[in-house]
There are 4 protein chains.
Amino acid sequence: MPEQIQLPRTLNEYYDRARESMSPQNRAYFLAGAGDGRTMSANESAFDHVSITPRMLRDLGGGSTETHLLGQRLASPFLIAPFAYHRLLDAAGEVATATGSQAQSIKMILSAQSSVDINTVRSAGDDCDWFQLYWMGSRQTTIELAQMAVAAGFGTLVLTVDAPVQGVRDREIEAGFELPHDVSAVNLARFSRPRFAPLEGTQSIVFDRIAHTLPTWDDVAWLIAQVQVPVLLKGILHPDDAARAQSIGAAGVVVSNHGGRVLDRAPATLDVLPAIVEKVGPDYPVLMDGGIRRGVDIFVALAMGAKAVLIGRPIVCGLAVAGDLGVSHVLRLLRDEFEVAMLLSGCATIDDIRRDMVHLKL
Amino acid sequence: MPEQIQLPRTLNEYYDRARESMSPQNRAYFLAGAGDGRTMSANESAFDHVSITPRMLRDLGGGSTETHLLGQRLASPFLIAPFAYHRLLDAAGEVATATGSQAQSIKMILSAQSSVDINTVRSAGDDCDWFQLYWMGSRQTTIELAQMAVAAGFGTLVLTVDAPVQGVRDREIEAGFELPHDVSAVNLARFSRPRFAPLEGTQSIVFDRIAHTLPTWDDVAWLIAQVQVPVLLKGILHPDDAARAQSIGAAGVVVSNHGGRVLDRAPATLDVLPAIVEKVGPDYPVLMDGGIRRGVDIFVALAMGAKAVLIGRPIVCGLAVAGDLGVSHVLRLLRDEFEVAMLLSGCATIDDIRRDMVHLKL
Amino acid sequence: MPEQIQLPRTLNEYYDRARESMSPQNRAYFLAGAGDGRTMSANESAFDHVSITPRMLRDLGGGSTETHLLGQRLASPFLIAPFAYHRLLDAAGEVATATGSQAQSIKMILSAQSSVDINTVRSAGDDCDWFQLYWMGSRQTTIELAQMAVAAGFGTLVLTVDAPVQGVRDREIEAGFELPHDVSAVNLARFSRPRFAPLEGTQSIVFDRIAHTLPTWDDVAWLIAQVQVPVLLKGILHPDDAARAQSIGAAGVVVSNHGGRVLDRAPATLDVLPAIVEKVGPDYPVLMDGGIRRGVDIFVALAMGAKAVLIGRPIVCGLAVAGDLGVSHVLRLLRDEFEVAMLLSGCATIDDIRRDMVHLKL
Amino acid sequence: MPEQIQLPRTLNEYYDRARESMSPQNRAYFLAGAGDGRTMSANESAFDHVSITPRMLRDLGGGSTETHLLGQRLASPFLIAPFAYHRLLDAAGEVATATGSQAQSIKMILSAQSSVDINTVRSAGDDCDWFQLYWMGSRQTTIELAQMAVAAGFGTLVLTVDAPVQGVRDREIEAGFELPHDVSAVNLARFSRPRFAPLEGTQSIVFDRIAHTLPTWDDVAWLIAQVQVPVLLKGILHPDDAARAQSIGAAGVVVSNHGGRVLDRAPATLDVLPAIVEKVGPDYPVLMDGGIRRGVDIFVALAMGAKAVLIGRPIVCGLAVAGDLGVSHVLRLLRDEFEVAMLLSGCATIDDIRRDMVHLKL
């Protein structure tokens, strides 16, 4: 019926409608944070501690939201964050997301845990050419996954480093979340994952098994050296780790706490961003995700030093509410709001969005 | 019935009654802020971070609330803020507001978006002799509007500079706000507004069309030079912009974020006021609006450096609840409360309301 | 019925029961603050910004809560604050309060607006020998009132200086509070109050009439010189005013904002107390009222520099719930809690309650 | 029925289920704080002012949660806090708790107010070999109690010093809490407690009776010298008291405010911990309790300087919900969460959990 397919008119309506319409299991998986959700909430509330002081009567003619990152042109300084199993939200899964992002010329980062074949997604949109991967337990398996992505036409890799184990996902446990039989990480099926010997005596699954399969800085340096495309490290929260990424040849870092889904009590990404940018210098590509719900939040993140931001849960909501059309609409609303924020604050170009436009408050 | 026309007895009763009685559309248009309403809320809560330290046993005989601004006498240091379309709230529209303000000898600033003919409003009250205008897309159209106001007997102009585009007015969109057929900006009908060529390719309505119709400091300096009356700039939030206004001959500035209706995450006006006053010096007319709900708030704003304040939403509420009588009553309550605040804090004159009467707290 | 006369068992039960059982008019008059009640709330929440660091294993044998003030012995360092019209709460009015305070050897300050004859109250208890008065519009009338109190056997006077006019008592207006015909300030009936000529033109009742009847520092110095008993000034919030009180011979000051009932946005008394004590020195009697709801709050106020505190609303509640018995019980609970706080924090005497026992937190 | 014995799946489910299922009396006794519960709440909220900055890509192989304290091995750096009357929560009482803790190799500190015979509890688990005691009114009685515990096989004593009298336990009074006839401190029955002569005149039960039965630093030094086992002092909140404990030969201190059950307005334990550790040096055993509800909180407490923490209310909840199995499950969840927190933040050993892993925020 027509009433049911009427699109939300505002971002908040998307968020509200998605929260209402998702199953409790999906709500727990996609929208809840780890533990008590404090880091997830902190990501959002960190923006409330920043104000933008707009400047008046500047010449704003001919400005634009265009920017460049790693030599690539971005129509607007944000990308779709990688997240798993889009088919939980829409039958077309990652293809729907790629189609929606393509419609707005916004880049999408495909998750290694895509629930649709990587080549199918890649062919759905020119702008879906970044690929996110986890360490696969060994150098060999990890490079195989990376090579598969490059072969499929993904020209930029994003290695997630902040989730060596799942966080304390109590909301999922309480909701009884599990993958339905027809949704899986189809692109990972071919790769072997570590198998663990039985624990002996007082051994710990965490320290005596999992820990031995995790990458170190040396492993990641090796990976970067092997692949022919830029690799960004996602999940950096400490300036020294950002500097280390820079020193081993990472093409950039994504300041991220995994949307608050791993370590509850990790800091809000916006709060740690400035010190990281200061450490690696203004030219090194530092991206950020976490807590961005409005176009004006993109402005704030850029003013605090991010070159671009990743958008996660708003896309989840757009996809859940209206598939590819929802994704496209959410991206359009974010882009429009961001343009309005630029105009209202007197910024014609991305370079005008400087640190002195924003102020911290208590 | 008598019960229905009983006036509210307190300011909060006006605010509550107005909120209850207004249509959802009007509530969204007049009472909501842009985005998530954070700047609108911050305007109000900023006052909670200030305390007044009263002084005892001073000689208070023969004091008064009188002050002078731009050579004009004000009975009390506040004016009615300009806002559009009073006829949405009361059939007599801006005439009702002017009548109510005249009854209390409080000046009213008429909005260019008045829903009643400018001359009709002007003749409704001697104290309605300030006129607010927007840039009209070109120097020629703007000066024509200014000249129309001066010719109608408005001796002070207030140019709003902080709203080159509408903010993100989600509450209005969600409520489906639109002007009824019989309410419009009748005084602007005669003026041509910019017409835009169709967008090409990736062009942006904001940057490739609207931005070219916006004024710069040079345009405003030109306007000030053209008109024979004082011009204040409304919407200043940065000290450097206030200094620039001063340098191009503006008669004063109004520190304002448009009541939180344009850029959500702009700072609270009270928070930025002191630095602006310090920048332009104690003699330059700096006015303020935003968040004033009580007579004691007027005291605080003056102590923080404002020469006078503009009152918006309380007047909206008075007009919505009881037309001209409501406007008059709200003004009376504000004035009485302000007098009480002066007496209780030991201030006999406006000049006694100094910075050292107030303290910031966390 | 027995159930109905069962006394509350805890202070909070007194406060809750009183709030439930009082008429809306009395609730507005006795329990609400001026304006939006922010100063009243701030008085209470100021205590939440202080923590007590207890010390362990000290020798606490033979300690006590006894202290001396103006050469008078106090069993515990608190007094009943003056407030008007006790007969609104209990038929026996101020006699009930005096009886209850006498039972606990706690001093009571009788309000000039007592609803029972001054001599009747005075004879109800030895510990009811402090009298509070307002300036009566002229030196002559004020000294007459003071002399009446001294003649009745009140050996200490407390002059309230912070309420030259009523505050913005919206809650009372909204509740329609007015004195019933059989309750009045019986002791003031004999005194003439200022009568005002009609206002002319733009004259202000506040500045052109009331302000001329208010006392100055010279008037108060004159009063102090006239009477033979110690006079404290109540309602001081600024260090310089405390120093001025000291210099004109006041026996002490009461740091007070009238329980938040006059100037809303005045600071919390606890917040301004330390600077006042520092200004007048550790030996000058500085008392405090406002926000004390627990015995531990008395400890905090003393650690922040008060020599003693005045208790208002808890007594209102005790009186409202159970008359003289309720007053006595509330005083007992406060005293017991205060003793427990001393023991738990390692203080055997009032002098042990020093500034280094408490810490401010954000 | 099977549904009813289904265990909670997460810690919060334990806390919620316990709160729902406990009697109002037990809820008041075990879960409420003294006074208005501010210190109890502050214990928890103090953790919200700390964030953990995780480090990435470190080598985590072969790590563990093992630590050593007083020469004893702890499987994980936390112990079960002593609390009274476990039989109020489960028929098997302290035996159930000891059984549950033994299953997870977590040490339990038995309260002197155990509701089960000390030898019975001791034999229920090797890891139940710490004993908590209060001062018993005299040196003689206290040493007898200590000797009884040592004779029963308890090799570490914890002397509680912060509760010379009960706090203001209003919640218990309001709920009418009293011990049922079949629950008592069975191990204390044989010891004589001080008997008080009747009070005379204005004497105070607190200062003229109880205070004379309390220990001083000299008494505690004497006790430590008498016993052959390590004695920790529990209830220290001031650095100077910690230093004094160190100087008289205490084996360590437990930074504690008794779970907020004695002095309301005492500081949160986490807030005072760093200054205490700084005072006594990094090698002196400083433990902490209060506010720990999650494994990640243990991480925070250790980073702020604690050598180990005591867990109270989570164990109360586990015991109340499912007896020994509930205790074991809660301990397992805490331990798993703590391991996850270590891995996610890049710490392989307890020594890696350093002060620079955490940051204070406003």
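This is a predicted model: local features need pLDDT of at least 70, side-chain atom pairs count only at pLDDT 80 or more; totals for chains, interfaces and linings use all residues.
Figure 1. On the side of chain A that touches chain B, two or more residues come from each of helix 2 (11-21), strand 1 (50-52), helix 13 (295-303) and helix 14 (313-345) of chain A. Helix 14 of chain A gives the largest share, eight residues. By class, this side of chain A has 18 nonpolar, ten polar and ten charged residues. Six salt bridges are found across the interface of chain A and chain B. One salt bridge joins the side chains of A:Asp297 and B:Arg265, at 3.0 Å from N to O.

**Figure 2. Extent of the interface between chain A and chain B.** Contacts link 38 residues of chain A with 41 residues of chain B. About 3200 Å² is buried between chain A and chain B, and carbon and sulfur atoms give 62% of this area. Of the area that chain A buries against chain B, A:Met56, A:Leu57 and A:Leu344 supply 24%, more than any other three residues.

**Figure 3. Extent of the interface between chain C and chain D.** Here 38 residues of chain C are in contact with 41 residues of chain D. The buried area between chain C and chain D is about 3200 Å², with 63% on carbon and sulfur atoms. C:Met56, C:Leu57 and C:Leu344 account for 25% of what chain C buries against chain D, more than any other three residues.

**Figure 4. Salt bridges and polar contacts between chain C and chain D.** The interface of chain C and chain D holds six salt bridges. In one of them, the side chains of D:Arg265 and C:Asp297 meet at 3.0 Å, N to O. Between chain C and chain D, 16 residue pairs, both at pLDDT 80 or more, are in polar contact. The elements of chain C that each give two or more residues to the side touching chain D are helix 2 (11-21), strand 1 (50-52), helix 13 (295-303) and helix 14 (313-345). Helix 14 of chain C gives the most, with eight residues. The residues on this side of chain C divide into 18 nonpolar, ten polar and ten charged.

**Figure 5. The open sheet of chain B.** Eight strands of chain B pair in parallel in the order 4-11-10-9-8-7-6-5. Strand 4 (78-80) and strand 5 (109-111) of chain B are the edge strands, and each pairs on one side only. From one strand to the next, the twist averages 30°. Three bridges connect strand 10 (residues 286-289) and strand 11 (residues 308-311) of chain B in the parallel sense. B:Asp289 has B:Leu310, in strand 11 of chain B, as its bridge partner. Helix 14 (residues 313-345) of chain B lies across strand 4 and strand 11 of chain B, and runs at about 170° to strand 4 of chain B.

Figure 6. Strand 10 (residues 286-289) and strand 11 (residues 308-311) of chain D run parallel and are joined by three bridges. D:Met288 stands opposite D:Val309 in strand 11 of chain D.

Key
Residues are numbered from 1 along each chain as its sequence is written. Chains are lettered from A and ligands numbered from 1 in the order in which they are written. Side-chain values use heavy atoms; hydrogens and water are left out. Two strands pair if DSSP finds at least two bridges between them. Helices (H or I, at least four residues) and strands (E, at least two) are DSSP runs, numbered from the N terminus. Axes are lines fitted to C-alpha atoms, for helices over the stretch in contact, and angles run from 0 to 180 degrees between N-to-C directions. Contact means heavy atoms within 4.5 Å. Buried area is the accessible area (1.4 Å probe) that two parts lose on being put together, summed over both. A salt bridge is a side-chain nitrogen of Lys or Arg within 4 Å of a carboxyl oxygen of Asp or Glu. Ala, Val, Leu, Ile, Met, Phe, Trp, Tyr, Cys and Pro count as nonpolar, Asp, Glu, Lys and Arg as charged, and the others, Gly among them, as polar. A polar contact is a pair of N or O atoms within 3.5 Å; within protein, one must be able to donate a hydrogen and the other to accept it, and residues adjacent in sequence count only if both atoms are side-chain atoms.
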